[in-house]
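User: I'd like to go through this model with you before I set anything up. Could you take my questions as they come?

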Amino acid sequence: MALETWLIKVKNAVSNKFDVVRTSSTTVNFKPTSSKKSPNVGVLAFEIAGLMSKLLHLWNSLSDDNIIRLRNESISLEGVHKIVSNDDDFLLALACAEITENLRLLANSVSRLCIKCDHPDLRSFHRLFNDFADSGRDLHNWILSEKEMECRNKRIERLVTVTSTLHREMDELSIMETGLRKAVASLQSCQQDQNQISLKEQKILDLQQKILWQRQEVKYLKEKSLWNRTFDTVMSILARSIFTTLARIKLVFGLASQFPSSLPRSLSASAAVHPLKNLNDNAKDSDPITKNAFFESNSKLLKPPPTTLGAAGLALHYANLIIVMDKMIKSPQLVGVDARDDLYSMLPNSIRSSLRARLRGVGFTASDPSLAGEWREAMERILGWMSPLAQNMIKWQSERSFEQQNYLALKTNVMLLQTLYFANKDKTEAAITELLVGLNYIWRFEREMTAKALFASNNFITT
């Protein structure tokens, strides 16, 4: 009877506390409409933290060091020049277009959240941002100076970090509460002796105490994170940072109208990477252009031409094919018949046809060590410039897939121009065919050498 009474008290206490936590952790505390203060962002803090994290990454990609690295390394990759383009101006235009498109998509997400703001300027963010992109007009002076942007980014980093910690601690609290429910249910159905029951009762009390402390931690983190910030406060931070980032893009790539001019290969007094103190002047001096022309021109540039792997929908497939071949070429002696069949099944009809044509006049024997060595060197050269593009393609795709699951996913600086997306289809298939012909010879050479070794070994044993 005492146990039953105690259980009822515990269940009531737990139930009441669950109600409190459920109310405080899943609802947004909107203020009355008569109040001048906009509502807190509440559970949308995690989505907003993700947007802030992306914006920080985008801004960092426009740093002086990263722009110089883009000019001196990224667009100078051997593979890029061989199968994408050797026109540096075009490659820079692709880089600018991708960065701008990423900012546009981020701004669209911010626009959706700005509707919840009270301030009319923030509610009009979408229109103001598009107008600024097209005409350069910063009507509300939202562009920040270099020093202001540095301070703003430090604040954003702190908010993102604390909000990430809040997300983790709320998950931990949820796990604890689930554990408490199970412990209470287990005790209620317990048929053990009094000592065992007392131990379980103590475990429940300890867990209740841990939950109490965890709730205090969650409450503290909500106060320090984005959770208890108003929409107007948070969206103002994002809006001004987005305006400043777009101004930085225009300045870095020298966008007098639509497309970037060439960047110098090293920083100097005349470098295209300018200090941010002149951003407002640059924006005000921009010539007005057709409405939405800025973003439309970038979107058109990112559409892959018909001759590319991106247009054919084969970029990721060919990337996986190249990675598989790379592994086989490094260890041809381990490639069995099944692996060869699997590789052949990955080939599209166009490559199968070209491969059959190349192998038509090839002999049945492959016993020339010098020829095998030449094939190995040739394949290493091809893979030397092709594998980085394939690896970048997989990395680029997996990063965007992971972003759907993790709002604070680690981001890289891999750009589409460094992948197979804009690669010429015919040139890529010709290189892949060459690898397959070489792999075929090396595989037959290794098989014949193994057979000769076995034959010699058997003769030695029998004699």
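User: Is Asp326 buried or exposed?
Analyst: Bearing in mind that this is a predicted model, Asp326 counts as buried, because its relative accessibility is 10%, which falls under the 20% cut-off.

User: Where does Asp326 sit, and which residues does it touch?
Analyst: Asp326 is placed in helix H14, which covers residues 315-330, and, leaving out residues up to four places away in sequence, Asp326 touches Leu383 and Ser387.

User: Zooming out, how many helices and strands does the chain have?
Analyst: The secondary structure comes to 18 helices and 0 strands. Of the 463 residues in the chain, 45% are buried, and among contacts with a separation of 6 or more, 83% are between residues 24 or more positions apart.

User: Switching to H2, what is its span?
Analyst: Helix H2 runs over residues 45-60, and its end C-alpha atoms are 22 Å apart, which agrees with the 22 Å that its 16 residues should span at 1.5 Å a residue.

User: Why do you call H2 largely enclosed?
Analyst: Because 12 of its 16 residues are buried, H2 is largely enclosed by the rest of the structure. The buried residues include Phe46, Leu51, Met52 and Trp59, and what covers the buried residues of H2 includes helix H5 (88-114), helix H8 (146-188) and helix H10 (231-252).

User: How many disulfides are there?
Analyst: A search of the whole structure finds 0 disulfides. Cys114, for example, is in no disulfide, and the nearest cysteine sulfur to its own, that of Cys117, is 4.7 Å away, whereas the cut-off for a disulfide is within 2.5 Å.

User: Last topic, the backbone: what is phi of Asn141?
Analyst: Phi of Asn141 is near 55°, a positive value in a residue other than glycine. As background, most residues other than glycine have a negative phi.

User: Where does Asn141 lie, and is it buried or partly exposed?
Analyst: Asn141 lies in the loop between helix H7 (125-135) and H8, and Asn141 counts as partly exposed because its relative accessibility is 46%.

Conventions:
Residues numbered from 1 in each chain as written. Predicted model: local features only at pLDDT ≥ 70, side-chain atom pairs only at ≥ 80, totals over all residues. Heavy atoms only, no water. Helix = DSSP H or I, 4+ residues; strand = E, 2+ residues; numbered from the N terminus. Buried < 20%, exposed > 50% of the residue type's maximum accessible area, 1.4 Å probe, protein only. Contact = heavy atoms within 4.5 Å. Expected span 1.5 Å × (residues − 1).
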